[in-house]
Amino acid sequence: MTTNQRQKLEYWQDKLTSYENAFAPEVEKMDRREEIYRGRSRIDQLVDGDVVRSTPHVRNIAAELIEAQVDANIPQPKVTALRRKDEHLACLIEDMLRNKLDQLPMEILNDQMERTVPIQGGGLFVLEWDSARPAPGGMGQSVVSVVHPKQLAPQPGVTGDLWEMDDFILKLPQTKSFIRRRYGVELPDAGEEEPDVRGGDASPSDQLVTQYAAYYKNDQGGIGLFSWVEDTILADLEDCQGRILCRCRDCGAVQPGDRLPQEEDDEDGDEPACRCPMCGGRMETVLEEYQELWLPVRRSDGSVIPGADPITGQPNLIPYYKPDIFPVFLQKSVSVYGQLLGESDVDKVADQQNTINRLEKSIIDQLLASGSYITLPPDPSIRVDTGVAKAIRLKNVADRNYLGVYDLKCDVEQPLAYMDYVYQEARDLVGITDSYQGRKDATATSGVAKEFAANQTAGRLQSKRVMKNACWARLFEALFKFELAYADERRPVIGRDENGEPVDEEWNRWDFLEQEEDGAYRWNDRFLFSCDSAQALAADRTAMWQETQAYFTAGAFGDPTLPETRLLFWRKMEQLHYPGASQTKQALLRQQTAPAIEMKGVQTQ
């Protein structure tokens, strides 16, 4: 390790310590929230002198209210072109993003975020490009993962968003084999420095290490990355989203892949050198600003981007596209002024959860203390057996006055009533009603009233959905930019035509390259990204089936008795994934094509 590398490592290690100390109070809150969500039995003191500190039974209202809000639906992308001529590209981007959502484990990631965000007030998506991962049509594809806010060490004082920060650090638990495959670094003696970022009561593992990844803005407006494990540097990239190639300084040959060839001792003996497999010269990692285009490239519309100049013989220089965005996206629950993370639902109901725990303990104690008590003479003789009648032998008749049975009953109506009040208070704070939880709602007597009550609740929770869609929209934009920057090969995309039939499309990044009036080339990324507002209605397939059938019966598709109208209806039902719709549509198509085939046969005869 050189002196400069050592100084950089110490610089970022000192920053990590400073950032962790500033963020420590928030991390303590996170641990308390996780405790409550998992059903903490400890009771905080309600009144002075109360010696009760735990309960054997927990009614976990915090988990109940959070689970009631879980939305398993994946937001769908909506791309808007800023120019009319780019509308076909916007449709292609939408289809590409939908394919990406099917390829990536977004259902699993969304399920994790649906609990992490309301518990902690926020969660993080991390987007990376793995150039060694095979993809349809080429090598390299996007990788999305979820990071708990406990794994974040943000810049102190910045409470708006991650993009407003100069830098921040992520703490990532990784296996040693992953570090070896990804960075080519062996860490046989390294240990896991922060096992607690894995959550729960995790203990250190000899198979894991804690990787620190510091993202920062460089002086040119790009994104830099410095990553390390203990005192070993894994990556030091001033511009981690630029094209970094391994090029021979003697012959100019480029090493394929993202790793240097095997290192050998340098002729000076100072540090190892990587040798070119072509000429034996020294390989160096260089940041390439332009791609040398020697041969012409054809766009999807048939137009051609010229290659080398036939007169000068110089290649056509095309600038590499760079996203220049932080690849980490914060999803907040509800925005709160002065807080980086949003408002936690667990914090809202923490007092109510503690009160219910104390009442549960009180009710249990009263129930266990109640029962039947028997009074007997001083020295009775009682026969104990399995018979129905029990014999008590008394010494004299006067001892009969000692016999008696007393039932001690506890009155738990008052604490139960207060528990219901506290529970309703917690639901009001979060915005949950019986209709939203799927319970019987005595206040709504008709279907319309129940729907109205559910919509009112949905309106109160609308802010959370807006924040979720905002985060996903930024993720969609980043997925597009990463694909535009690093997917060099043409890649297949499945889309839909106007009839809803699957069509084969092609992702060709050269379609987004434009030449300005001055002759310079520029990549077209002028698109707006959002989430499809019709997604919530489309998620309720039963309602969509019923509504589509009502439109068909009313004649909105045309005359219901005509074959083409029925075909249009079943195409729409197939798009809505109605069971058996595809087979019905194919049968209608065969019915329409059979007469045409017979007529053609008659004409041939």
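The legends below describe close-up views of charged contacts, surface patches and cysteines in a predicted model.

**View A. Lys171 takes part in salt bridges with Glu20 and with Glu194.** In the contact between Lys171 and Glu20, the nitrogen-to-oxygen distance is 3.1 Å, and this pair links distant parts of the chain, with Lys171 in strand β5 (residues 167-175) and Glu20 in helix α1 (residues 3-37), 151 residues apart. Lys171 counts as buried because its relative accessibility is 6%, whereas Glu20, at 24%, counts as partly exposed. In the contact between Glu194 and Lys171, the closest N and O atoms are 3.3 Å apart; here Glu194 lies in the loop between α5 and β6, 23 residues from Lys171 in strand β5. Glu194 is also counted as buried, with a relative accessibility of 12%.

**View B. A salt bridge joins the side chains of Glu67 and Arg115.** The N to O distance in this pair is 2.9 Å. Glu67 belongs to helix α2 (residues 61-67) and Arg115 to helix α4 (residues 106-120), so the contact ties together parts that are 48 residues apart in sequence. Both side chains belong to partly exposed residues, with a relative accessible area of 33% for Glu67 and 23% for Arg115.

**View C. Glu26, Arg32, Arg33 and Asp347 are linked in a network of salt bridges.** For the structure as a whole, the count of salt bridges comes to 40.

**View E. A nonpolar surface patch is formed by Ile374, Leu376, Ile382, Ile392, Leu403 and Val405.** Together, these side chains form a patch with about 510 Å² of accessible area. One of the members, Val405, is found in strand β22 (residues 404-408) and counts as exposed because its relative accessibility is 57%, where the cut-off is over 50%.

**View F. Cys531 is in no disulfide, and the nearest cysteine sulfur is that of Cys471.** The sulfur of Cys471 is 9.1 Å away from that of Cys531, whereas a disulfide would require the two sulfur atoms to be within 2.5 Å. The structure holds 0 disulfides. Cys531 counts as buried, with a relative accessibility of 13%, while Cys91 is partly exposed, with a relative accessible area of 46%.

Note on methods: Residues numbered from 1 in each chain as written. Predicted model: local features only at pLDDT ≥ 70, side-chain atom pairs only at ≥ 80, totals over all residues. Heavy atoms only, no water. Patch = residues over 30% accessible without salt bridge, like charges linked within 9 Å, V, L, I, M, F, W, Y side chains within 5 Å. Areas by Shrake-Rupley, 256 points an atom, 1.4 Å probe, with all protein chains shown as cover. Salt bridge = Lys/Arg side-chain N within 4 Å of Asp/Glu carboxyl O. Helix = DSSP H or I, 4+ residues; strand = E, 2+ residues; numbered from the N terminus. Buried < 20%, exposed > 50% of the residue type's maximum accessible area, 1.4 Å probe, protein only.
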